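The points run from the overall architecture to individual elements and residues.

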Amino acid sequence: MIERDFELLKILHEEQNITKAAERLHISQPALTYRIKQIEKEFGTKIILRGKKGVSFTTQGEYLVQFANKMMLEIRRTKENIQNMNNRVEGTLRIGVSSNFAHYKLPVILKKFLSKYPNVEVNVKTGWSTQVMELIQKEEVHVAIVRGGINWHHQKFQLKEEALFIASKHEIKLKDLPFLGRIQYETDVHLKHTINDWWHHTFDKPPFITMEVDKIETCKEMVLNGLGYAIFPSICLKEEDPLHRIILKDEKGEPIKRKTWLLCKDSSLELSVIKAFVEFVKDIDF
């Protein structure tokens with residue numbers, strides 16, 4: 001097996017499909033099939049089984065995938081440590097970022113960071129905070145920026161704290177919400193729970209959901225056009241947005257806040273590029 005085979009096994013295991021894996025690897029299906037046969041020949045065992053719905057890995061194949069993942073991680077660590085020996089801020093920075101933070105804040109942060117450190121290459125993956133947590137736990141990223149409640153026992157820095165708002169095109173009364181059309185969007189589990197808990201403590205009727213959309217930006221456009229109200233974190237609301245806002249408060253009358261965190265493993269800060277990024281982001285006034 002060669003280094004390229006490690007990535008091949010990882011992606012094929014993720015896709016469970018020859019066609020899709022070949023597309024991600026930018027090779028032909030015959031070339032992918034050939035490499036699989038060569039690996040099977042090298043180890044003298046079958047590593048995948050083909051079926052109508054795709055491929056499945058044998059016990060030996062699953063073992064090889066685990067080995068491939070470990071080797072890819074070790075090779076990456078070795079390259080990073082060697083690059084770090086010259087004490088210059090350079091190399092690849094792998095970041096996992098919550099979708100909303102990535103949309104509203106990350107582009108400007110990266111532009112400024114790369115302007116200061118032009119020899120850094122940035123690899124970004126976005127998703128729900130739960131998905132980003134999985135990435136950093138698997139060491140697929142060096143740094144994670146996540147939102148909401150998190151359980152993390154390594155380096156953890158609070159970047160910002162924001163309120164949640166009921167937003168509508170026209171002024172509405174809090175007591176009327178159960179009877180007004182609400183627009184709902186897909187979001188991470190923690191924000192869903194926060195909003196649902198607030199609702200159940202405030203009203204004895206379920207919300208009147210009239211629209212369900214996949215993205216928070218789509219939801220906001222619907223609200224801006226007077227098609228209903230929605231509950232947003234303040235990160236996606238601008239001061240100039242022509243929206244009426246009501247801040248969410250808990251039973252004690254205190255604003256309900258949502259925190260954004262920057263996470264990394266203790267050992268990651270030994271790499272100059274990661275330390276530079278962490279310190280850079282911590283100094284930003286959000």
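1. Overall architecture. The protein contains 10 helices and 11 strands. The coordinates come from a predicted model, and the remarks below should be read accordingly. Along its principal axes, the C-alpha trace extends over about 70 × 50 × 30 Å.

2. Of the 286 residues in the protein, 43% are buried. When contacts between residues at least 6 apart in sequence are considered, 72% of them join residues at least 24 apart.

3. An unreviewed UniProt entry assigns the feature "domain: HTH lysR-type" to residues 1-58. In the model, this span is 62% helix and 14% strand.

4. Helices α1 and α2. Two packed helices are described by the angle between their axes and the distance between the axes. For α1 (residues 3-15) and α2 (residues 18-25), the axes come within 9 Å and the crossing angle is roughly 135°. The two helices α1 and α2 are therefore oblique to each other, and α1 passes α2 in a right-handed crossing. On the α1 side, the contact is formed by Arg-4, Glu-7, Leu-8, Ile-11, Leu-12, Glu-14 and Glu-15. On the α2 side, Ile-18, Lys-20, Ala-21, Arg-24 and Leu-25 take part. By class, the contact of α1 with α2 comprises 6 nonpolar, no polar and 6 charged residues.

5. Helix α10. Is helix α10 largely enclosed by the rest of the structure, or largely open? Of the 11 residues in α10 (residues 272-282), 8 are buried, so this helix is largely enclosed by the rest of the structure. The buried residues of α10 are Ser-272, Val-273, Ile-274, Ala-276, Phe-277, Val-278, Phe-280 and Val-281.

6. Packing of α6 on α10. The axes of α6 (residues 106-116) and α10 come within 11 Å and cross at roughly 130°. Helices α6 and α10 are therefore oblique to each other, with α6 passing α10 in a right-handed crossing. Helix α6 contributes Ile-109, Leu-110, Lys-112, Phe-113 and Lys-116 to the contact, while α10 contributes Val-273, Ala-276, Phe-277, Phe-280 and Val-281. The residues in the contact of α6 with α10 are 8 nonpolar, no polar and 2 charged. The α10 residues Val-273, Ala-276, Phe-277, Phe-280 and Val-281 are also listed among the buried residues of that helix.

7. Where does Ser-268 lie? Ser-268 is placed in the loop between β11 (257-264) and α10. With a relative accessible area of 12%, Ser-268 is buried, the cut-off for that term being under 20%. Leaving aside residues up to four places away in sequence, Ser-268 touches His-142 and Ile-274.

8. His-103 in α5. Is His-103 buried or partly exposed? His-103 belongs to helix α5 (residues 99-104) and is partly exposed, with a relative accessible area of 45%. The C-alpha atoms of His-103 and Ile-235 are separated by 9.7 Å, although the two residues are 132 residues apart along the chain.

Conventions. Residues are numbered from 1 along each chain as its sequence is written. This is a predicted model: local features need pLDDT of at least 70, side-chain atom pairs count only at pLDDT 80 or more; totals for chains, interfaces and linings use all residues. Side-chain values use heavy atoms; hydrogens and water are left out. UniProt positions are given in the numbering used here, feature names are shortened, and annotations may be inferred rather than shown by experiment. Helices (H or I, at least four residues) and strands (E, at least two) are DSSP runs, numbered from the N terminus. Buried means under 20% relative accessible area, exposed over 50%, partly exposed in between (1.4 Å probe, protein chains only). Axes are lines fitted to C-alpha atoms, for helices over the stretch in contact, and angles run from 0 to 180 degrees between N-to-C directions. Angles under 35 degrees count as roughly parallel, over 145 as roughly antiparallel, 65 to 115 as roughly perpendicular and the rest as oblique. A crossing is left-handed if the near helix is turned anticlockwise from the far one by less than a right angle, and right-handed if clockwise. Contact means heavy atoms within 4.5 Å. Ala, Val, Leu, Ile, Met, Phe, Trp, Tyr, Cys and Pro count as nonpolar, Asp, Glu, Lys and Arg as charged, and the others, Gly among them, as polar.
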